[in-house]
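Please look at the structure shown below before reading on. The paragraphs that follow lead through it step by step.

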There are 2 protein chains.
Amino acid sequence: MPPADRRLEPRRKPRQVRAELTRERILAAAAHVFAEHGYAAGTTNRIAERARISIGSLYQYFPNKDAILAELLVQHIDRGTWTGADELDLSPGTLEATVRAIIRDAIDNHSDDPRLLRVMIEEAPVSQELVEAVDRHGKLRAAQIRDIITAHPDTHLGDPDVAADLILFTVEMNTHKFMAAPRNVPVETFENELVAMITRYLSGDR
Amino acid sequence: MPPADRRLEPRRKPRQVRAELTRERILAAAAHVFAEHGYAAGTTNRIAERARISIGSLYQYFPNKDAILAELLVQHIDRGTWTGADELDLSPGTLEATVRAIIRDAIDNHSDDPRLLRVMIEEAPVSQELVEAVDRHGKLRAAQIRDIITAHPDTHLGDPDVAADLILFTVEMNTHKFMAAPRNVPVETFENELVAMITRYLSGDR
DNA sequence: GACTATTGTGAGCATTAGCTCAGGTTTTGG
DNA sequence: CCAAAACCTGAGCTAATGCTCACAATAGTC
């Protein structure tokens, strides 16, 4: 394969409706193909084929393959209930409810298309901008959780920042794993266990 | 790239010492190259180059690229303190100590070469045998943890199996993440938080 | 030294996949 | 209705990479 075009801007921006439509078909097809075949085997030709457009058109709107996955990821973050749960109830006594809300949120998010999410999480190429975008978002969420921790009276913890990172990552990864490879265990069971783990962590002091 | 040789056996088994030496140099070089460049960019030619042997020799002892990573993974599992902590102290009152032992174990394991481990965990190709081997190993560890849970008197939990999976995965992934991208947080802090999380989870009942 | 088994070599084959570009088709504006 | 802009096409270029194979070198044996 030739050296990837590292440009981030496409060579053309859609001005007519049909162009915008083409762009959307490409993204839809890409989401399907990546979910089905993974990143490496999800070739641009396959994406074009599924989108029923020519490979040339694909490269009119995306500078390279990475940019397509990147766009999907950004869309997911933006659309995301990932950002959801902005106003969480911090009033005393509702810690478990708050934790459950966060976890429900994660579960919802991974319900859409776990296979695509798996590709984005596990196989996403490491572009500078992308990493930063995801990082920023992660920091935001971590800050949210840290606020919950510090705001709650019952929590006696060492380092709220470390705890926040720990919780965020734990919830994300466990949810991801559970949704990606569903066991014969009902979601409720999983949810309850995870809620218990985090809640007890936060409210415990022994 | 041509279709990979799906054979598992190499075409030649080392009989002389120099051959065994060559094999080891290949593995050592592969470990370095995979850690440095990742799986995809860790080409067989690069491995051969670093091992200072010809590409031909490499394919004398490994049927294909996948087999090299597979061998490294198996070595890691076998050598592994991954299996360690066989006889854990289940006596009452030492739950925290037990949990800490498990977590220390994980930390030790990820101290060797986190970058190589990252490749093995995140980029390892999906060969049937490999997956099974790793699965078996995971099940063993999960069973260990489940035993701890059920053996311990203070633990009131919903589903011990789900809990065991949850704990195993949580410990592994968090440790992996921490060791792979070390923050300006000392390991002790991380360890303590993780221990607190799991211990409180197991001993909590609210 | 001679003969065989084992080991090592590396140019290059085969294939793949990202991406280009010269030219055709459709839409828009006047 | 016509010209220009926007859009679409797809054969094929380019480069990368897993892997082969005919041959050379070395080690073991008598």
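Helices (H or I, at least four residues) and strands (E, at least two) are taken as DSSP runs and numbered from the N terminus. The model is predicted, so local features need pLDDT of at least 70 and side-chain atom pairs count only at pLDDT 80 or more, while totals for chains, interfaces and linings use all residues. Residues are numbered from 1 along each chain as its sequence is written, and chains are lettered from A and ligands numbered from 1 in the order in which they are written.

We may begin with a loop. In chain B, B:Arg52 lies in the loop between α2 (44-51) and α3 (55-61). Is B:Arg52 buried or exposed? A residue is called buried if 20 or more other C-beta atoms lie within 10 Å of its own, exposed if 12 or fewer, and partly exposed in between, with C-beta atoms placed from the backbone. B:Arg52 is exposed because 10 other C-beta atoms lie within 10 Å. Its phi is positive, about 60°, although B:Arg52 is not a glycine. B:Ala29 is 23 residues away from B:Arg52 in sequence, and their C-alpha atoms are 8.9 Å apart in space. In chain A, A:Arg52 is likewise found in the loop between α2 (44-51) and α3 (55-61). A:Arg52 counts as exposed because it has 9 C-beta neighbours inside 10 Å, and its phi is positive, near 60°.

We now turn to the helices. Helix α7 (residues 128-151) of chain A has 24 residues and reaches 34 Å from its first C-alpha to its last. This is close to the 34 Å expected at 1.5 Å a residue, where the expected span is 1.5 Å times one less than the number of residues. Within α7(A), the residues A:Arg141, A:Ala142, A:Ile145 and A:Ile148 are buried. An α-helix has 3.6 residues a turn, so residues three or four places apart point the same way. The cover over the buried residues of α7(A) includes α5 (95-111) and α8 of chain A; two residues are in contact if their C-beta atoms, placed from the backbone, lie within 7 Å. In chain B, helix α6 (residues 114-122) has B:Pro114, B:Leu116, B:Leu117, B:Val119 and B:Met120 buried. These buried residues pack against α1 (17-41), α4 (65-79), α5 (95-111) and α8 (160-180) of chain B.

The next level is the domain. An automatic or database domain assignment supplies the bounds, and for chain A it gives domain 1 (6-75) and domain 2 (76-203). Their contact takes 13 residues from domain 1 of chain A and 16 residues from domain 2 of chain A. On the domain 1 side, α4(A) gives the most, with 7 residues.

Finally, consider the two chains together. Their contact takes 24 residues from chain A and 24 residues from chain B. On the side of chain A that touches chain B, α9(A) gives the most, with 10 residues.
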